[in-house]
Amino acid sequence: MARKKIALIGSGQIGGVLAQLAASKQLGDVIMFDIVEDLPQGKTLDIAEASRISGFDAKVTGTNDYKDIAGADIVIITAGIPRKPGMSRDDLLMTNAKIMKSVAEGIKANAPNSTAIIISNPLDAMVTLFQKVSGFQTNRVMGQAGMLDSSRFSSFISWELDVSVKDVNTMVLGGHGDTMVPLVRYANVSGVPVMELLERKYNDKEKAKKVMDAMVERTKKAGGEVVKLLKTGSAFYSPAASAIAMAQSIIYDEKRVIATCSYLNGEYGVNGFYLGVPAVLGENGVERVIELSLDENEKAALDNSIEAGKNLIEAMENLGF
Ligand code: APR
């Protein structure tokens, strides 16, 4: 069986970690693209020269020519500028929409049969724009956000309860911004509701609720917390790890259930719109969306997130995209 081909569009901070992870996990040959001359070539040469040590045979190469991504099975897009302290993801809209349009045209022309995973922010708008410009089937275009948001939520829970993060399961719905909806009711440790464990730990319902509320707030603002510390850019290890897990589920047809920015056809009462929801990722990309039953508060929070997403798309359209 021929090796899969993974094209990475954008060779910055996230792109570098993506290349290293894709190679070391032997997901396929990696071709890294950027508009900056020599940057993808330099990064991939560095990574490839560690192949003897890391033990991979996959080819890892760099290019400034879209033609070299021909035949790619998966493209992962990080092209665009990241946030600086004080910026929201939405502040990146104008600059990154221009970049995303050119990226979508390059991929459409050179890798028309690929499946696209987008990481560039503002995520929900960039996914929408990529699909519009590329004309790719909606199940072949998705965004990485919820996987990272739920991984962050899981980490905070595991630290709080002092249990293995491998046993913590969480789901975060909605857009990749301050309106995201971490689902407290569905958070569990090997099937045991997290709230039950918190109430047992503190023997005080009020205190347990406060602790959970703080973890939910931290999850919503987790990206900003990293930006504030890094000062020159945004998170890159964790977004890369998340997108690689999504790519792996598609390449190996694992059918993992992953919070994914997916196109909705009536699910959650939403039609013709991208939103972060649990989705089954397999060889056909987003194979299906899983609908969770939501209580009134959860539904209201999701509606608020949908509204924010709609406003962002409208703002993008008003800018001419
Ligand atoms: N085509 C291809 N690559 C481009 C283009 C373009 N038109 N314009 C810019 N780039 C490249 C830059 O040259 C840079 O190498 O995109 C890369 C972005 O890398 P970083 O600035 O290091 O940003 P990174 O931290 O990787 O984040 C990328 O992902 O999470 C989001 O908000 C984040 O939008 C940001 C994106």
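## Terms and basis of the model

A polar contact is here a pair of N or O atoms within 3.5 Å, where within protein one atom must be able to donate a hydrogen and the other to accept it, and where residues adjacent in sequence count only if both atoms are side-chain atoms. The structure is a predicted model, in which local features need pLDDT of at least 70 and side-chain atom pairs count only at pLDDT 80 or more, while totals for chains, interfaces and linings use all residues. Residues are numbered from 1 along each chain as its sequence is written, and side-chain values use heavy atoms, with hydrogens and water left out.

## Surroundings of H176

By the polar-contact criterion, the side chains of H176 and D149 are joined at 2.9 Å, and the side chain of H176 also makes a polar contact of 3.3 Å with the side chain of R89. H176 is found in the loop between β8 (172-173) and β9 (181-182), where strands (E, at least two residues) and helices (H or I, at least four) are DSSP runs numbered from the N terminus.

With a relative accessible area of 11%, H176 is buried; buried means under 20% relative accessible area, exposed over 50%, and partly exposed in between, with a 1.4 Å probe and protein chains only. Not counting residues up to four places away in sequence, H176 touches R89, N121, L123, D124, A145 and D149, contact being defined as heavy atoms within 4.5 Å.

## Ligand site

There are 23 residues around the ligand, of which Q13, I14, D34, T78 and I81 come nearest; a residue is counted as near if one of its heavy atoms lies within 4 Å of the molecule or strand concerned. A backbone N or O atom of Q13 lies 2.8 Å from an oxygen atom of the ligand, and for I14 a backbone N or O atom is 2.9 Å from a ligand oxygen. A polar backbone atom of G80 is 3.4 Å from an oxygen atom of the ligand. On its own the ligand has 730 Å² of accessible area, and the protein covers 87% of this, the areas coming from the Shrake-Rupley method with a 1.4 Å probe, and for residues only the protein chains shown count as cover.

## Aromatic pairs and charges over rings

A search of the whole structure finds 5 aromatic pairs, where rings of Phe, Tyr and Trp (its six-membered ring) pair if their centres lie within 6.5 Å, and planes under 30 degrees apart count as stacked, over 60 as edge-to-face and the rest as tilted. The pair F33 and Y66 is stacked, because the ring centres are 4.0 Å apart and the planes lie at 25°. This pair links distant parts of the chain, since F33 is in strand β2 (residues 29-33) and Y66, 33 residues apart from it, is in the loop between β3 (60-63) and β4 (74-77). Both F33 and Y66 are buried.

The charged end of K207 sits over the ring of Y202, 5.2 Å from its centre, and K310 lies over the face of F273 at 5.7 Å from the ring centre. For such an arrangement, NZ of Lys or CZ of Arg must be within 6 Å of the ring centre and within 35 degrees of the ring normal.

I76 is found in strand β4 and is buried, with a relative accessible area of 1%. Leaving aside neighbours within four places in sequence, the residues in contact with I76 include I6, L18, I119 and A243.

T44, in helix α2 (residues 39-48), is buried with a relative accessible area of 2%. A polar atom of the T44 side chain lies 3.2 Å from the backbone oxygen of Q41.
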